[in-house]
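Visitor: I would like to learn how to read a model of this kind, feature by feature. Could we take the general idea each time and then turn to the case at hand?

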Amino acid sequence: PPPPPPPPPPVSLGDVVLHSYWRSSCSWRVRVALSFYGVEYAYARVNLLADEQRGLSEMGQVPRLDWSDAAGERHSLTQSLAILELLHEAASAPGRSLLPLGPVPRARAREIAEVINAGTQPLQNLGHMRAISALAAKDQGSDAGRSLGREAIAKGLAAAEKLAAANRDERFCVGSHSSVADLCVVPQLYNARRFEVDLQPYPRLRAVEAHAATLPYFQAAHPDAQPDAAKA
């Protein structure tokens, strides 16, 4: 048989820049991961309310991560979970990873992450709500986009609550360490409050959020700690 292919070279992250909006939940996930893995980065402000994100990528969304490899070549990557996978490959170490050990816990963490990433957050995204509200305004003038977003958040949190409730350690969604699941759930709870969603039915998710608030890498990534945060 042919010899096995050589292992891929290690990922090198130099001159890292994160294009972010302070209240973007997708950017928030990446900020937590960068802080968790100890990756230094420059913060590039992107004002979503002024549509400054349109030229950042094919989808015109944040976040976008830029970095230089060992040869000095620049690279860019969008989509928060793809960026989290890159950071895992580049910066994780034994005992320090946002992807749990073992195929089932790792799949469970990704399941909860996708409940938020694919099934909840996109439906309350600013661009999506604007499009829905514009269509509804032609008929009845209601803020249908926000109503749809509120319903999507409640449905997604209910699913995530049930999955997280199966975990023995109430501080985390999966296992006994922070994972990609926690990185998706915590920003979504923040969004839920902005949408005036009742959070009483989600005690396990609120417990995860409360513990996350004590962790330095979550504290550093909080929207209010960002340089472009709106000051009251």
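Visitor: How many salt bridges does the count come to by the rule used here?

Guide: This is a predicted model, in which local features need pLDDT of at least 70 and side-chain atom pairs count only at pLDDT 80 or more, whereas totals for chains, interfaces and linings use all residues. Residues are numbered from 1 along each chain as its sequence is written, and side-chain values use heavy atoms, with hydrogens and water left out. Side chains of opposite charge can pair when their charged atoms come close. With a salt bridge taken as a side-chain nitrogen of Lys or Arg within 4 Å of a carboxyl oxygen of Asp or Glu, the count comes to six.

Visitor: Which residue forms a salt bridge with Arg108, and how far apart are the closest N and O atoms?

Guide: An α-helix has 3.6 residues a turn, so residues three or four places apart point the same way. Arg108 pairs with Glu111, the closest N and O atoms being 2.6 Å apart; because these two are three residues apart in helix α3, they are separated by about one helical turn. Helices here are DSSP runs of H or I with at least four residues and strands are runs of E with at least two, numbered from the N terminus. Arg108, at 37% relative accessibility, is partly exposed, and Glu111, at 33%, is partly exposed, where buried means under 20% relative accessible area, exposed over 50%, and partly exposed in between (1.4 Å probe, protein chains only).

Visitor: Which residue meets Arg193 in a salt bridge?

Guide: The side chain of Arg193 meets that of Glu209 at 2.7 Å, N to O, and the pair links distant parts of the chain, with Arg193 in helix α6 and Glu209 in helix α7 (residues 203-212), 16 residues apart. Arg193 is partly exposed at 43% relative accessibility, whereas Glu209 is buried at 16%.

Visitor: How many residues of strand β3 are buried?

Guide: In a regular strand the side chains alternate between the two faces of the sheet. In β3 (residues 64-68), five of the five residues are buried, so the strand is largely enclosed by the rest of the structure. Arg64, Asp66 and Ser68 point one way, and Leu65 and Trp67 the other. Arg64 and Asp66 also meet in a salt bridge of 2.9 Å, N to O.

Visitor: Which strands pair with β3?

Guide: Two strands pair if DSSP finds at least two bridges between them. Strand β1 (residues 14-20) runs antiparallel to β3 and is joined to it by four bridges, while strand β4 (residues 74-78) pairs with β3 in the antiparallel sense over five bridges. Leu65 has Leu18 as a bridge partner, and its partner in β4 is Leu77. The hairpin of β3 and β4 has five residues between the strands, and Gly72 in this hairpin takes a positive phi near 90°.

Visitor: How many residues does the largest nonpolar core have?

Guide: In soluble globular proteins, nonpolar side chains tend to be buried together. A nonpolar core is a set of buried Ala, Val, Leu, Ile, Met, Phe, Trp, Tyr and Cys residues joined through side-chain atoms within 4.5 Å. The largest has 59 residues, and those with the most contacts inside it are Leu65, Leu157, Cys173, Leu205 and Phe218. Helix α6 (residues 180-194) supplies the largest share of this core, nine residues.
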